[in-house]
Amino acid sequence: MPSYAQAGAILSIDLAALVDNWRRLGSGAAVVKANAYGLGIEPVARALATAGCRTFFVAHIHEALILRQWLAEPTIFVLHGPPPGTEPEFTAARLIPVLSTLDQVAAWRAHAAGQNLGLLDAALQLDTGMTRLGLSPADIETLGSEPWRLEGVRLVLVMSHLACADDPTHVMNEAQYRAFATARDCLPPAPASLAASSGIFLGPQWWFDMVRPGAALYGVNPTPGEPNPMAQVVRLQGKIIQVRNVDSPQTVGYGATHRVAGRGRVATVAVGYADGYPRSLSNRGSGFLGTVRVPLVGRVSMDLVTFDVSAVPETLARPGGMIDLIGPLNPVDAVAALAGTIGYEILTSLGQRYHRRYNFEAG
Ligand SMILES: *Cc1c(COP(=O)(O)O)cnc(C)c1O
């Protein structure tokens, strides 16, 4: 990782805010897939485990094996289940697969039978209407009517995922809720989980035995359209490396898409789309220098981005000064909206060229 002095931007991750968010979300499981949504799986999972989190979800077995290196005790669920042939790696690292197809169920049962280890833990993912990952209603009926298919397997969780939980008025929510109840009735009794970040805010009826928040832990608003109940976790401060004083009409950046009409000042920051700062923010985004909004002007290029700092005193807008690319006044959801995407994508795109600072102090 670049040092503070070397880096073009400083990414600060407030682990105390993260832990506060986890508590606010019910102190259940934590989803730390995709390198903890780009924030760094090791520091994030350690902070949560220290706070008492005992259950983690990742997408891939490879992520689970990395997590297991640091956390010996907690339960780790692997959402994608075992790719064929990796079943022994699951048992060796005490990972719990989330099984989504009858083939995966069969492979896990065969593994359990071959192991002589007694019952092997597994979770089942049920497709209740998202048509993405999970056992179909027909698969669930098959499992219900042919119980031998789960011989040797201890069901520790049945789960499903909501497609539209960020819209509490959406008819899909109730439909999926009912489909989940119907599916559970077919299966042996097991603890249940339905709600991710937004589902938690649909109300206690949706919590079942375990909630699975990801994005909200990291400060993304789980209730779009309403004030964000979560604390901000991420701040990204880009360093100004040059300020151009313009005194005659000039264009800025690739494609000459922005024109400075007369006098003005343009600050260049050493961050670009190669760092996950979206090119779609070209001529649309903004940063903050202190509390002053500075419009992003011209195109975002690979390693650089330019801001109009004419409104900021020269003593502030100078090389070495910092512009909040994500900060208290332009939080991750606001940046995402301007970029035409969602906070999830902004976080998981955060680049590797930042100096990362993990801040245990609140505030
Ligand atoms: C990613 C994921 C989550 C977490 O979702 P958020 O919206 O980030 O809280 C929970 N469950 C499943 C199955 C997922 O894929």
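Pro-43 is placed in helix α3 (residues 41–51), where helices are DSSP runs of H or I with at least four residues, strands are runs of E with at least two, and both are numbered from the N terminus. With a relative accessible area of 24%, Pro-43 is partly exposed; buried means under 20% relative accessible area, exposed means over 50%, and partly exposed lies in between, with a 1.4 Å probe and protein chains only. Although Pro-43 and Ile-13 are 30 residues apart along the chain, their C-alpha atoms are separated by 9.6 Å. The model is a predicted one, in which local features need pLDDT of at least 70 and side-chain atom pairs count only at pLDDT 80 or more, while totals for chains, interfaces and linings use all residues. Residues are numbered from 1 along each chain as its sequence is written, and side-chain values use heavy atoms, with hydrogens and water left out.

Ala-163 and Thr-128 are 35 residues apart in sequence, and from C-alpha to C-alpha they are 9.3 Å apart in space.

For the chain as a whole, the secondary structure comes to 11 helices and 17 strands, and the C-alpha atoms fill a box of roughly 80 × 40 × 35 Å, taken along the principal axes. Of the 363 residues in the chain, 51% are buried. One of the strands, β17 (residues 355–359), contains His-355, which is buried with a relative accessible area of 14%. The side chain of His-355 reaches the backbone nitrogen of Tyr-4 at 3.3 Å. Such a polar contact is a pair of N or O atoms within 3.5 Å; within protein, one atom must be able to donate a hydrogen and the other to accept it, and residues adjacent in sequence count only if both atoms are side-chain atoms.

Backbone angles draw attention to two further positions. Ala-36 is not a glycine, yet it has a positive phi of about 55 degrees; this residue lies in helix α2 (residues 33–37) and, at 0% relative accessibility, counts as buried. Thr-131, also not a glycine, has a positive phi of about 55 degrees, but its place is in the loop between β6 (120–125) and α7 (137–145), and at 67% relative accessibility Thr-131 counts as exposed.

Turning to the aromatic rings, the structure holds 7 aromatic pairs. Rings of Phe, Tyr and Trp (its six-membered ring) pair if their centres lie within 6.5 Å, and planes under 30 degrees apart count as stacked, over 60 as edge-to-face and the rest as tilted. One of the pairs joins Phe-90 and Trp-108 edge-to-face, at 6.1 Å centre to centre and with 75 degrees between the planes. This pair links distant parts of the chain, since Phe-90 is in helix α5 (residues 87–92) and Trp-108 is in helix α6 (residues 102–115), 18 residues apart. Phe-90 is buried, with a relative accessible area of 0%, and Trp-108 counts as buried at 1% relative accessibility.

Tyr-177 and Trp-206 form another edge-to-face pair, at 4.9 Å centre to centre and with 70 degrees between the planes. Tyr-177 lies in helix α8 (residues 171–186) and Trp-206 in the loop between α9 (197–200) and β9 (234–246), so this pair ties together parts that are 29 residues apart in sequence.

Which residues come nearest to the ligand? Of the 14 residues around it, the nearest are Lys-33, Tyr-37, Ser-197, Gly-214 and Tyr-344, where a residue is near a molecule if one of its heavy atoms lies within 4 Å of it. A polar side-chain atom of Lys-33 lies 2.8 Å from an oxygen atom of the ligand, and a polar side-chain atom of Tyr-344 lies 2.6 Å from an oxygen atom of the ligand. In the side chain of His-161, an N or O atom is 3.5 Å from a nitrogen atom of the ligand. On its own the ligand has 390 Å² of accessible area, of which the protein covers 91%, with areas taken from the Shrake-Rupley method with a 1.4 Å probe and, for residues, only the protein chains shown counted as cover.
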